[in-house]
Amino acid sequence: MVKIAVDMMGSDSGPETLVNSIKHYLKDYDDVSFLLFGDEKVLSELTKDCPDKDRIEIHNTTSIIPMEIKPLEFLRAKSSSMYQAISAVKEGLADGVLTAGSTGGFVTGATILLRTVEGVLRAGLCSPFPTRKASHPAVILDIGANNYDTEEEVYQFGIMGRLYYQHVLENQNPSVYILTNGAEEGKGTDEVVGAYRLMRERNLPGFKGNVEAREALDGSHDVIVTPGYPGNIFLKACEGVAKMMNDLIKESFKMNLLTKIGYLFSSKGFKRMRKTLDYRQYGGAILLGINGVCVKAHGNSNEYAFYHAIGVCKKMIDVKIVDKIKEEFHDSVNNND
């Protein structure tokens with residue numbers, strides 16, 4: 001039985017949305033149980049009619065991690081739902097942890113409490129992105145766990161991203177690229193140029209070179225690595241452009257009677273496009289390089305998005321992704337010795 005610890009109090013939508021997702025997941029899968037951390041009174045009321053209540057444990061907490069928090073402040077927040085959920089993994093009570101709360105708090109807390117895998121210099125936030133090919137996402141990291149990463153850390157993101165693509169997305173030979181401002185060798189900041197050199201010198205399997213942002217989501221680039229600051233900008237820019245396009249399309253079809261009729265003839269194609277671009281199907285971001293499965297769902301996750309975030313967490317547990325990363329870096333540590 002897989003056990004997932006869930007921070008129930010940090011999402012924008014509130015605990016009711018998360019509970020509904022959990023109820024649906026319990027109905028669909030009989031090999032998973034949940035440890036819910038939050039206001040016991042609220043959670044007990046929301047789960048009282050759950051037919052699979054025997055697979056839910058409620059742990060009372062009294063505070064919530066704010067959106068911005070410093071490491072020392074996190075250590076003092078032992079009564080918070082996020083701290084307790086992460087601690088459940090550290091103590092072996094849960095196999096993975098899931099939150100829709102503060103990204104900074106989650107990265108800080110997971111790094112402090114669970115630590116990075118031996119040999120991993122820094123954990124990275126990884127997320128699948130929709131591409132032109134509906135069934136072929138691009139995995140990009142780091143998308144914001146850090147503001148700055150060294151060339152060695154970017155190189156390691158390539159290793160971890162490749163392992164994620166192989167075992168979670170089930171493609172054994174993914175291509176690996178570096179996101180930069182030109183496809184030619186030598187383009188980019190010092191750490192990007194250095195990471196390119198390391199990937200070439202160390203023969204990282206699947207490494208193909210650089211990719212520009214405008215081509216990153218064409219469906220032919222599997223794993224794309226980048227330092228955290230530009231990675232986060234890329235993420236926010238993609239979200240902004242997708243929202244703008246969606247709004248513009250809606251406005252165009254509402255202009256007059258003819259445009260509304262036109263929508264009736266083209267609605268099938270637009271529905272297919274909307275499904276392809278729907279980021280909610282990927283559940284959220286994954287913190288790779290930590291001694292535990294850590295999934296960060298979108299803060300505004302609805303039931304559909306959080307359901308898929310649960311699925312990502314369970315899949316990572318099932319394929320033992322943390323063990324795969326440990327094995328990979330154990331070999332590299334020994335080789336360096």
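Biologist: Why is arginine 122 called partly exposed?

Modeller: In this model, which is predicted, arginine 122 has a relative accessible area of 31%, and because buried means under 20% and exposed means over 50%, with partly exposed in between, arginine 122 counts as partly exposed.

Biologist: What makes arginine 122 and aspartate 149 a salt bridge?

Modeller: The closest N and O atoms of arginine 122 and aspartate 149 are 3.9 Å apart, and since the cut-off is within 4 Å, the pair qualifies as a salt bridge. Arginine 122 lies in the loop between α5 and β5, and aspartate 149 in the loop between β6 and α6, so the pair ties together parts that are 27 residues apart in sequence. Aspartate 149 has a relative accessibility of 0%, and therefore counts as buried. A search of the whole structure finds 12 salt bridges.

Biologist: Where do glutamate 201 and arginine 197 lie, and why is glutamate 201 called exposed?

Modeller: Both residues lie in helix α7, four residues apart, about one turn of the helix, and they form a salt bridge whose closest N and O atoms are 3.4 Å apart. Glutamate 201 has 53% relative accessibility, and because exposed means over 50%, glutamate 201 counts as exposed, whereas arginine 197, at 37%, counts as partly exposed.

Biologist: How do you know that cysteine 50 and cysteine 313 are too far apart for a bond?

Modeller: The sulfur of cysteine 50 is 18 Å from the closest cysteine sulfur, which is in cysteine 313, and because a disulfide needs the sulfur atoms within 2.5 Å, that separation is too far for a bond. The sulfur of cysteine 294 also has its closest cysteine sulfur in cysteine 313, at 8.3 Å, again too far for a bond. By this rule the count comes to zero disulfides. Cysteine 50 is buried, with a relative accessible area of 6%, and cysteine 294, at 0% relative accessibility, counts as buried as well.

Biologist: Why is threonine 17 called buried, and which residues does threonine 17 touch?

Modeller: Threonine 17 has a relative accessible area of 15%, and since buried means under 20%, threonine 17 is buried. Leaving aside residues up to four places away in sequence, threonine 17, which lies in helix α1, touches Ser301, Asn302 and Glu303.

Biologist: What makes valine 154 count as buried?

Modeller: Valine 154, found in helix α6, has 0% relative accessibility and therefore counts as buried. Among its contacts, not counting residues up to four places away in sequence, are Asp149, Ala195 and Met199.

Biologist: Which residues make the nonpolar surface patch?

Modeller: Val241, Met244, Met245 and Leu248 make this patch of about 350 Å².

Key. Residues numbered from 1 in each chain as written. Predicted model: local features only at pLDDT ≥ 70, side-chain atom pairs only at ≥ 80, totals over all residues. Heavy atoms only, no water. Patch = residues over 30% accessible without salt bridge, like charges linked within 9 Å, V, L, I, M, F, W, Y side chains within 5 Å. Areas by Shrake-Rupley, 256 points an atom, 1.4 Å probe, with all protein chains shown as cover. Salt bridge = Lys/Arg side-chain N within 4 Å of Asp/Glu carboxyl O. Helix = DSSP H or I, 4+ residues; strand = E, 2+ residues; numbered from the N terminus. Buried < 20%, exposed > 50% of the residue type's maximum accessible area, 1.4 Å probe, protein only. Contact = heavy atoms within 4.5 Å.
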